[in-house]
Amino acid sequence: MLETINLSKNFKGKKAVDEVDIYLDEGESVGLLGPNGAGKSTTISIISSLLKPSSGDVKLDGKSIIKNPAEIRKILGVVPQEIALYEELTAYENLKFFGEIYKVKKNILEERIRDVLEIVGLKERQKDLVKTFSGGMKRRVNIAAALLHHPKILILDEPTVGIDPQSRNHILETVRKLNEEQETTILYTSHYMEEVEQLCNRVYIMDHGKVIASGSKSELLSILSSEDTIQVQLSETSDQLIEKIKSFDHVRQVDETDEGIRIISKKGSNILSGLVLAAEKEGIQVTHYQMETPSLEDVFLHLTGKTLRD
Amino acid sequence: MGSFLKKDLLVFWRDRKEILLSLLLPIVIILLLNFAFSGLFDEGAESMDIDVAIVQQDNESIGLEQFEVRVNELDFPPAEKEALLTQATQISPVRLINEFFNDPEMKEWVSAQELGKEKATGLVEEGELDALITIPVGFTESVLSSILLGEETEKNLTINVKEESNEAGALQDMVTNYVNTLNFQFALGTAAEAPAPEPELPEGGREVVEGAQVYTMTQYFTVAIAALFCLFIASTVAMKTVTEKREHVFNRIILTNSKPFNYLMGKIISTFFMAWIQLLITFTVTQLLLDVFSGMSFDFWLGTFVVITAFSIAVSGLTAIFTPITLRLSDPNAANGIFTLIVMGMGMLGGSFFPIDFLPDWVQRIGEWTPNGLTQGTLLEWIQYGSFVDLILPIILLMGFFIACLIIGMFLFPRRERI
């Protein structure tokens with residue numbers, strides 16, 4: 001349905017987006033994951049036709065949209081990271097204005113406004129000025145404004161930044177419903193791993209303007225399939241114990257945590273008995289032991305050497 | 001386009017601080033200027049009342065006889081002597097002085113009465129009179145010799161006051177001004193060898209054109225300040241684009257496939273309405289508070305309404321240029337600085353800060369081509385002459401200014417990549 005081919009964008013000689021290839025199939029929910037400055041927003045701006053690429057192409061059903069952006073704009077809803085609303089207008093007035101300039105027919109605009117306000121749960125506050133809303137409520141109106149023309153593709157750029165948990169859950173639920181019930185194709189960018197894990201069928205991981213990994217969640221997790229992650233709670237920790245464990249066969253990494261240590265070892269290697277013995281020798285008690293399922297966060301850490309919030 | 005217009009008007013309306021500034025500031029400034037300058041111009045001047053005594057010591061017929069003797073002593077051809085004597089009988093300096101003080105307009109300022117020297121001196125001493133003007137013995141002969149024979153004036157009018165005051169100063173200025181005018185006009189008449197023209201009275205601070213009414217300083221301030229502040233509306237509306245750009249609303253608008261022309265026309269038409277409303281309110285409120293255009297006819301108000309409408313359209317043309325500039329410049333302060341410079345420059349050249357009559361001709365000519373200068377000049381002429389025909393050309397020029405701005409604005413409007 002929508003794809004980018006070797007998409008690159010330079011700003012003053014610096015590559016913000018570097019030969020990015022991504023695609024979205026109809027009805028999919030795709031995540032674009034990466035830390036701040038990874039190039040997610042620039043990629044989205046190019047896909048949305050707000051920026052021209054330095055090279056490469058964006059194709060909608062096989063046709064380039066670079067020279068003819070009107071085509072994609074008709075079927076695209078964009079929820080920008082910023083609150084792109086008139087603060088001095090009410091939620092209703094904002095939606096009416098954007099609905100009118102999206103050329104939604106007069107006789108159905110009122111109904112659409114009612115629908116989108118219901119979707120984002122702000123029907124009761126529609127007559128209030130946007131500037132009186134909380135951050136979470138503003139973000140919900142921001143989403144509503146992108147839904148007025150029933151877009152086939154919805155791009156959301158970090159829609160949950162800086163909001164309360166209640167609004168965040170509401171937004172995530174809204175996006176999930178749009179994808180599952182209305183079959184809207186979703187491109188969701190975030191640096192919250194759990195959101196992407198919860199919402200998306202496929203994920204692209206970006207860093208330094210490049211896509212460094214992609215695939216379904218299980219495909220990405222298989223990158224870490226050769227390793228086990230073990231969380232160990234100890235009565236206390238000591239440097240001698242950590243050094244001892246590091247010297248075990250098959251142990252690749254030992255990190256100190258708040259409650260004990262985290263061990264990354266070769267998959268299937270049994271280090272438990274050796275660990276307990278070593279701890280006893282040091283006079284330390286093993287209080288809890290858990291094999292952890294790797295997360296996308298672990299995948300990201302493995303690929304980039306840093307966490308998403310770095 | 002209607003959606004953009006509605007939105008722009010609503011956004012402006014909700015910005016109460018901006019609304020109050022735009023609508024009230026010109027009125028406040030007009031009121032302040034009016035109070036600050038009222039003492040120097042019309043109303044204050046009219047309230048000035050000077051009581052003066054004229055002491056007539058000269059005998060006009062003796063003066064004429066003495067002048068005749070003097071002329072006959074000269075080595076002139078008889079025909080020339082005859083002409084000089086004829087002119088002398090026509091001039092009559094004492095009569096001119098009396099006419100000057102008895103002119104109806106002068107009587108609004110000065111109450112003059114002929115008195116003997118002793119009585120007049122006594123009244124001045126007692127403070128009953130502001131001044132005493134003496135027409136000395138030999139005045140007629142001296143003035144005629146000065147005007148017609150080019151000799152030094154030996155006898156001058158003398159003004160005696162008990163103490164210096166605004167009234168005495170004003171009287172002195174008036175008499176000096178009158179005598180200078182008298183001398184100048186007779187000198188012109190003599191140089192051209194034509195019959196001496198009747199001297200005109202000096203008008204003291206008012207420009208008088210034949211067949212025209214005068215405009216007051218209050219009217220001038222009202223027209224000039226209203227025109228200046230109206231220009232600022234263009235800048236205010238254009239700067240709203242900066243907010244739209246900063247808050248990414250403009251990107252959302254682009255994504256709706258809206259035409260730049262519609263966006264721009266929304267700004268232009270909203271500027272027109274705001275400028276128009278501002279001007280109407282300024283003229284109406286100042287009229288109600290100060291009676292600026294006292295006793296003007298329905299035709300006057302109709303013509304003023306037409307000029308105000310044309311000027312508002314011209315101001316909206318400025319928005320057509322300012323808006324794309326805000327979109328092109330990444331620094332909003334730079335955009336604001338440019339607009340302020342343009343508006344203040346137009347205000348200065350167009351005479352919105354002060355009358356520009358004293359500036360070089362070429363500067364005045366440029367000023368007449370600014371929309372505010374053109375409007376100001378047109379309205380002030382409209383006050384004086386009230387001729388509808390005189391409004392046609394300025395209105396065409398204001399419309400031309402709007403169309404030119406619109407074309408430039410469309411040309412300047414940035415393409416997608418530059419926003």
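**Domains and chain contacts in a predicted model**

In chain A, the C-alpha centres of domain 1 and domain 2 lie 43 Å apart. Domain 1 of chain A covers 2-221 and domain 2 covers 228-293, the bounds coming from an automatic or database domain assignment. The model is predicted, with local features needing pLDDT of at least 70, side-chain atom pairs counting only at pLDDT 80 or more, and totals for chains, interfaces and linings using all residues. Residues are numbered from 1 along each chain as its sequence is written, chains are lettered from A in the order in which they are written, and side-chain values use heavy atoms, with hydrogens and water left out.

Chain A also meets chain B: 33 residues of chain A are in contact with 21 residues of chain B, contact meaning heavy atoms within 4.5 Å. Between them the two chains bury about 2,600 Å², of which 56% is on carbon and sulfur atoms; this buried area is the accessible area (1.4 Å probe) lost on putting the two parts together, summed over both.

The interface of chain B and chain A holds 2 salt bridges, each a side-chain nitrogen of Lys or Arg within 4 Å of a carboxyl oxygen of Asp or Glu. Arg14(B) forms a salt bridge with Glu93(A), and their closest N and O atoms are 2.8 Å apart.

On the side of chain B that touches chain A, the elements giving two or more residues are α1 (2-14) and α12 (249-255) of chain B; such helices are DSSP runs (H or I, at least four residues), numbered from the N terminus. The largest share of that side, 7 residues, comes from α1(B).
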